[in-house]
Amino acid sequence: MNTGRPNGPRAGAPAANSSANTSANAGASEGARLDARQTKTLARLSAAVLALAAEQSIADVTVSRLAATAGVHRSTVYEYAASPAALLQRVLRAQLDELRAAYLVDVAPDDAAAAISGVTRAVLRHVDEHDAVYRRGLGLAGAEAGLHAMLSEHFQGSIELLLDQHSVSVPAADELERRTIERYLADGIIGAIEVWLTRPRPRDVDALLGLLERLTPPWWPDR
């Protein structure tokens, strides 16, 4: 999706392709609930779980190994997530939520196409930056990682935000049709991303963005 701000995200928004920045700020939306020590610990756990998930299936990462990699006690991990897979989802979701907040909040209808295109480009760069994680975590082989469900929930949430704030409208006769459209758009993007990740680097983000714009229905404002 793009930005209701044709020239990019609002001032002060995080760079879309800076893992050091976004990992350190994973859970930034929870900042009001975390003290300085907890924020530092979460940043260490975030960096550790991303590194481990890039090396092997997150389902094979033990809590003990995650704790050792982050330099924390095993019990500390459970203060932030029930499992390594749950922590990975939390970290990636925090980064994605930052992008949604930067691009889609309070977007005017006239700016919706630019906003949707901008946030979609930013999400694709996020996925490409963490390609090893997503290649392992998407699809049937990565079902235990839960990344497909996490991404689907994120995309559906972004669409719901745009609909609820009247940035866009969809041809839905009732709530069930609206939910169907949200799911159709969200999971279609994920399927395209899975195929795109089979390409070797460097991957062309703009080429996939252009393909997605050709595939989406004409009433969806992404062009």
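**Cavities and backbone features in a predicted model**

Student: Which residues lie nearest the centre of the largest cavity, and how many residues line it?

Tutor: In this predicted model, the residues nearest the centre of the largest cavity are Ile116, Thr120, Ile189, Trp220 and Asp222.

Student: Which helices each supply at least two residues of the lining of the largest cavity?

Tutor: The elements to look for are those that supply at least two residues each to the lining of the largest cavity.

Student: Arg125 is in helix 6; is Arg125 buried, partly exposed or exposed?

Tutor: The relative accessible area of Arg125, a residue of helix 6, is 39%. Buried requires under 20% and exposed requires over 50%, so a value of 39% falls in between and Arg125 is partly exposed.

Student: How far apart are Arg125 and Asp204 in space, C-alpha to C-alpha?

Tutor: Along the sequence, Arg125 and Asp204 are separated by 79 residues. In space, the C-alpha to C-alpha distance between Arg125 and Asp204 is 9.7 Å.

Student: Where is Pro202 placed, and is the peptide bond from Arg201 to Pro202 cis or trans?

Tutor: Pro202 is found in the loop between helix 9 and helix 10. Omega for the bond from Arg201 to Pro202 is near 0°, and the peptide bond is cis.

Student: Where does Asp106 lie, what is its phi, and is Asp106 buried or exposed?

Tutor: Asp106 sits in the loop between helix 5 (84-103) and helix 6, and although Asp106 is not a glycine, its phi is positive, at about 60°. Its relative accessibility is 66%, and because exposed means over 50%, Asp106 counts as exposed.

Student: Where does His166 lie, what is the phi of His166, and is His166 buried or exposed?

Tutor: His166 is in the loop between helix 8 (147-164) and helix 9, and its phi, a positive value in a residue other than glycine, is near 60°. Its relative accessibility is 62%, which is over the 50% cut-off, so His166 counts as exposed.

Technical notes. Residues numbered from 1 in each chain as written. Predicted model: local features only at pLDDT ≥ 70, side-chain atom pairs only at ≥ 80, totals over all residues. Heavy atoms only, no water. 1 Å grid on protein atoms, 1.4 Å probe; cavity = no way out; pocket = protein on both sides within 12 Å on 5 of 7 lines; lining within 4 Å. Helix = DSSP H or I, 4+ residues; strand = E, 2+ residues; numbered from the N terminus. Buried < 20%, exposed > 50% of the residue type's maximum accessible area, 1.4 Å probe, protein only.
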